[in-house]
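Welcome! Take a moment to look over the sequence and the model, and then let us walk through a few of the features together.

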Amino acid sequence: MALLPLTAAASSGAAPRSNALGTSFTAKGYRLVSRGTTSVVATTKGANSETSIAPQEAAKIAADSRSEFSPKSPAAPSTPRLATPVAAALPIQGAGQATGFNALGHIDQRLANGGNQFSKEPPDTQLCAGPGMLIEGVNTAFAVYQTDGTMLAVQDVNSFFGVPAEFNRTTGNVGPSTGDVKCYFDRDLQRWFLTTFLFDDGDVGYDGVVGSATGRYNIGIAVSTSADPFAAWHTYLLDGTNDGANGTPSHAGCPCLPDQPLIGADRYGFYVSTNEFGPWPPTASTTFNGSNVYAISKAALAAGTASSYSAFELPALGTDLAYSIQPAMSPGRDSMRGGNGGTEFFMSSGDFNGAGDNKVFTWAMTNTSSLDWATPSLSLSAAAVPSITYEMPFDATQRKGGNTPLRDCLIADCLGFGASPEPYPTIQTNDDRMQQTYYAGGYLWSALNTAVTVNGSTRNGIAWFKVDPNLTASGRLSASMAGQGYVAVANNDVYFPAIAVTGQGKAVMSFTMSGNGYFPSAAYVKLAPALNRVNVLARGVDAQDGFSGSLVFGGDGATRWGDYSGASVYGDTVYFASEWISGGPRTLLANWNTFVGQLRV
């Protein structure tokens, strides 16, 4: 899910700023609700026997098609679109030194929990690495692996959080909505963290009673009680409805939806940021309000005693509206900044209205050690950093001639929706919001999708950034660009990057690649110590052929691919998950897969 359109009554496109903005925000405290404990249990796999679509499924697909789309061609940006940046083409080579394995696919997610799941696209893959184990999340399911690729369990998110199934295919009841799974392993505490949106908006509520749904829009947070992911987990609800009820802040235009929760951590705190849309359920007046940043004591979460959170509400940067503020992760405590009473860094894009930009934003939350106090005292500030130009990407292409049984089915009206002239699928690359952020060796690393001109042709590329943040003793933030560049290849598109960095400052970035010669494939580059080639770890076997771009379901021929990829570090090994098409078993409605790679650096 996620990636709602970013439209609001705010303008962007101001001239590039130098570093410090002199802007700070004050946190307020609100209530966090404990939901007890849970555990990872492999759920029963349903039968892959779908030959038709239930009315509830059709309604869900149509609703998702209306609300989740790429604002890739924004209407009338407030300033003229910047010139498309020119990027050099990198050579494409084999897998290099990385190894990996085919991981979760749509068939695994759809058939989890006895098959009582909706079809979801895109997968939104996320990965975290701990001692000898990996957790990968996609949409409404996650898997636990040994690092050699042995799958130990697949579980749906709903049953993990103790709520009814997303879609009970026997009764037809629709349960709470989940998705946008994120995970993180904290080496300091030796604990796993897992989050999801958890909206009480179905026919049945959290308690399983028909008609009991409250319509509240929560973020679910689970924290393990040990380094063993099969031990007990503490679970919590952070209510992002923000209408003043249930101990939430009262924001204008709410009840609101907390879209695309993003996570990070420092020595003391665990952080979640969301994009807020209101009012919700959507009306003609629903707009994007801005971002919220939530901070919670990491130790209290791990102990099962967390009962409150601190919130920074709707931060804005002059005429720029803040969005998709990415909290930083780190490879370990030694890489986390302990100064200024504890510091968590964030990064975000500056291109709100789709005209392109040549600056990125760095954020610093200071005095995070106070999260362990009864009344935390936190400060959040921002700085703009001049950067290379980036701009909204376009739909990616894929190699022609692949098998598209769903497309063929819809053209032939095999599902009874009417014959539809379905085009050969392209792939949405969404927009140029900031992706996963890592802080290591004193630097912040992140990347985003961008259109580029490579060998005289417009393609989709990636802009990456290495930022050097600086905080004075008084907490004044400034930042400078320590490294940046583009990743682009001739005649192909690269998109949805995820960067992870070791404690020694060695950075690896994973992504998907497709184009004239490639079906969607899992690829990566080494950003540090040197960037010199694109490695294809898993070459796509067939065409992307999913329901989200189908005309009959309200799409435009461009399928949803993902809002992000995932990467993680444990020791001297970088693990990363990207989307691809394996050509293996599929369901009626989708054939996406993920691939997990690992590279000892």
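A disulfide is a pair of cysteine sulfur atoms within 2.5 Å. This is a predicted model, and by that rule the count comes to three disulfides. Counting bonded cysteines along the chain, the disulfides follow the pattern 1-2, 3-4, 5-6.

Here are the links side by side.

| Disulfide | S to S distance |
|---|---|
| Cys-128 and Cys-183 | 2.4 Å |
| Cys-254 and Cys-256 | 2.0 Å |
| Cys-409 and Cys-414 | 1.5 Å |

Let us begin with the link of Cys-128 and Cys-183, which is left-handed, with -120° about the S-S bond. Cys-128 sits in strand E6 and Cys-183 in strand E10 (residues 177-186), so this pair ties together parts that are 55 residues apart in sequence. Both Cys-128 and Cys-183 are buried.

Cys-254 and Cys-256 are both buried as well. The torsion about their S-S bond is about -95°, so this disulfide is left-handed.

Cys-414, with a relative accessible area of 44%, is partly exposed.

Strand E8 (residues 141-146) pairs with E9 in the antiparallel sense over five bridges.

Our last stop is Arg-216, found in the loop between strand E11 (191-199) and strand E12 (217-224). Is Arg-216 buried or exposed? Arg-216 is buried, because its relative accessible area is 14% and the cut-off for buried is under 20%. What does the side chain of Arg-216 reach? A polar contact of 2.9 Å joins the side chain of Arg-216 to that of Asp-239, and the Arg-216 side chain also reaches the backbone oxygen of Ala-245 at 3.2 Å. Leaving aside neighbours within four places in sequence, Arg-216 is in contact with several residues, including Leu-198, Phe-199, Tyr-206, Thr-241 and Asn-246.

Notes: Residues numbered from 1 in each chain as written. Predicted model: local features only at pLDDT ≥ 70, side-chain atom pairs only at ≥ 80, totals over all residues. Heavy atoms only, no water. Pairing = 2+ DSSP bridges. Helix = DSSP H or I, 4+ residues; strand = E, 2+ residues; numbered from the N terminus. Buried < 20%, exposed > 50% of the residue type's maximum accessible area, 1.4 Å probe, protein only. Polar contact = N/O pair within 3.5 Å; in protein donor to acceptor, adjacent residues only side chain to side chain. Contact = heavy atoms within 4.5 Å.
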